[in-house]
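Please read the points below with the sequence and the structure open beside you.

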Amino acid sequence: MTGTGARTVLADGFERVPPALRRALEGVDAAGRTWRPGPRANTLAWLVWHTARVQDAQVAPLAGVEQVWTADGWAARLALPFAADATGYGQSPADVARVDADPALLLGYLDATTAQTLAYLERIDDDDLGTVVDEDRDPPVTLGVRLVSVLADCLEHTGQAAYLRGLLDAR
């Protein structure tokens, strides 16, 4: 990581997600991608997909671009049984169980989403991070707060995937 600006730190954080999720999926077969330690738990496949979808769905509007999910055909390639605007938020355990895809596709989508996020971060200045992007909240949400929120969500799910991989390996 070079530089010390907030934008540089955010980029570093987003860049850490794909390698960690790659490690979580490495060598896991379809049964492992959809294994759950309990009936309400998330799966590795769902966690990778949801992590990418949350980032894509929240950063693309900030950047003023279409989500890579639809713009680059990832929705069609992954062919999940949900509406195109589904992100995984609020999905039932039954919905979670329906998510599986080839790891190369899941990670390809994550990589494309991360690339779009990093390209957006290159276009903004640290001063832009104070811009209010959501006045419907109290207090209003700034760009910096929204990006940190998205990154925190991505990192939480990445940690969950790493933990789940550990459980999978131990069983």
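**Notes on selected features**

1. Isoleucine 124 is placed in the loop between α7 (103-123) and β1 (132-134), and it should be kept in mind that the model is a predicted one. Because its relative accessibility is 6%, and buried means under 20%, isoleucine 124 counts as buried. When its neighbours within four places in sequence are left aside, isoleucine 124 is in contact with Arg7, Leu129, Leu143 and Leu147. Isoleucine 124 and alanine 63 are 61 residues apart in sequence, while their C-alpha atoms are 9.3 Å apart in space.

2. After α3 comes glycine 64, which has a positive phi, near 75°.

3. How is a pair of packed helices described? The description uses the angle between their axes and the distance between the axes. For helix α1 (residues 6-25) and helix α8 (residues 143-170), the packing angle is about 20° and the axes are 9 Å apart. Since angles under 35 degrees count as roughly parallel, α1 is therefore roughly parallel to α8. The crossing in which α1 passes α8 is left-handed.

4. On the α1 side, the residues that make this contact include Leu10, Phe14, Val17 and Leu21, and on the α8 side they include Leu147, Leu151, Cys154 and Thr158. Sorted by class, the contact of α1 with α8 has 15 nonpolar, two polar and two charged residues. Leu147 of α8, which takes part in this contact, is also one of the residues in contact with isoleucine 124.

5. Two further places deserve a careful look in the backbone. Most residues other than glycine have a negative phi, and most peptide bonds are trans. Alanine 79, in the loop between α5 (74-78) and α6 (93-97), has a phi near 50°, which is a positive value in a residue other than glycine. Alanine 79 is exposed, because its relative accessible area is 56% and exposed means over 50%. The peptide bond from aspartate 138 to proline 139 is cis, with omega near 5°, and proline 139 lies in the loop between β1 and β2 (141-142).

Terms used. Residues are numbered from 1 along each chain as its sequence is written. This is a predicted model: local features need pLDDT of at least 70, side-chain atom pairs count only at pLDDT 80 or more; totals for chains, interfaces and linings use all residues. Side-chain values use heavy atoms; hydrogens and water are left out. Helices (H or I, at least four residues) and strands (E, at least two) are DSSP runs, numbered from the N terminus. Axes are lines fitted to C-alpha atoms, for helices over the stretch in contact, and angles run from 0 to 180 degrees between N-to-C directions. Angles under 35 degrees count as roughly parallel, over 145 as roughly antiparallel, 65 to 115 as roughly perpendicular and the rest as oblique. A crossing is left-handed if the near helix is turned anticlockwise from the far one by less than a right angle, and right-handed if clockwise. Contact means heavy atoms within 4.5 Å. Ala, Val, Leu, Ile, Met, Phe, Trp, Tyr, Cys and Pro count as nonpolar, Asp, Glu, Lys and Arg as charged, and the others, Gly among them, as polar. Buried means under 20% relative accessible area, exposed over 50%, partly exposed in between (1.4 Å probe, protein chains only).
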